Amino acid sequence: MRTIGEVAYLLGISTHTLRYYEKEKIIIPDRDESGDRRYNDSHIQWLQFVIKLKETQMPISKIKKYASLFLEGEHTTTARLSLLEEHKHYIEQQIKTLIDVDGMLERKIVAYKDYISNRVAKAPID
């Protein structure tokens, strides 16, 4: 079991973020006898997943919905699957857009490098 500070450090997020996730019921840490938060390996795995969802632009409202559905139980499996499939589709669209933009940028970069090298090659020699 790890403390909130240990988990924040491990995951590269703030303790404030962990408290926010708890407030929003995205995670429910265990508590020790003095009431301090304690996180086990499954909490950490879940938080790693949440962080990846955030990094891929899933809105916090959808992450909350997914967490809520999970807590409701097995009968929400289809709804959870649908939510994840929808996000996967969004990510696939983003990947396509990024690949297209990467190609455009590469062509622009090559054009600028060619222009610069041609300009330098034509410079008068003193």
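Buried denotes under 20% relative accessible area, exposed over 50%, and partly exposed the range in between, with a 1.4 Å probe and protein chains only. The structure is a predicted model, in which local features need pLDDT of at least 70 and side-chain atom pairs count only at pLDDT 80 or more, while totals for chains, interfaces and linings use all residues. Residues are numbered from 1 along each chain as its sequence is written, and side-chain values use heavy atoms, with hydrogens and water left out.

The protein chain contains five helices and two strands. Helices (H or I, at least four residues) and strands (E, at least two) are DSSP runs, numbered from the N terminus. Their order from the N terminus is α-α-β-β-α-α-α. The radius of gyration is 23 Å, well over the 14 Å that the globule rule gives for 126 residues, so the protein chain is more spread out than a compact globule. The radius is taken over C-alpha atoms, and the rule is 2.2 Å times the number of residues to the power 0.38. Along the principal axes, the C-alpha trace spans about 80 × 35 × 20 Å. Of the 126 residues, 25% are buried. The chain exposes about 9,400 Å², and carbon and sulfur atoms supply 57% of this area. Accessible areas come from the Shrake-Rupley method with a 1.4 Å probe; for residues, only the protein chains shown count as cover. Contacts (heavy atoms within 4.5 Å) were also sorted by separation. Among those with a separation of 6 or more, 47% join residues 24 or more positions apart.

Helix H2 covers residues 15–23, with Leu18, Tyr21 and Glu22 buried. Viewed down the axis of H2, the buried residues fall within an arc of 100°, so they line one face of the helix. The arc is that of the directions from the helix axis to the C-beta atoms. His16 and Lys23 are exposed on the other side of H2. Cover for the buried residues of H2 includes helix H1 (4–11), strand S1 (30–31), strand S2 (37–38), helix H3 (41–55) and helix H4 (60–72).

Tyr21 of H2 has a relative accessible area of 6%. Beyond four places in sequence, Tyr21 touches Ile26, Ile27, Leu47, Val50, Lys54 and Ile60. Tyr21 and Lys64 are 43 residues apart in sequence, yet their C-alpha atoms are 8.8 Å apart.

Lys25 lies in the loop between H2 and S1. Its phi is positive, about 65°, although Lys25 is not a glycine. Lys25 is exposed, at 54% relative accessible area. Leu71, in helix H4, is exposed as well, with a relative accessible area of 54%. Leaving aside neighbours within four places in sequence, Leu71 contacts Lys25 and Ile28. Gln57 sits in the loop between H3 and H4 and is exposed at 54% relative accessibility.

Helix H5 (residues 77–121) contains Ile116. Ile116 is partly exposed, with a relative accessible area of 43%. Together with Tyr112, Tyr115 and Val120, Ile116 forms a nonpolar surface patch with about 460 Å² of accessible area. Patches are made of residues with over 30% relative accessible area and no salt bridge; like charges are joined within 9 Å, and nonpolar side chains (Val, Leu, Ile, Met, Phe, Trp, Tyr) within 5 Å. A salt bridge is a side-chain nitrogen of Lys or Arg within 4 Å of a carboxyl oxygen of Asp or Glu.
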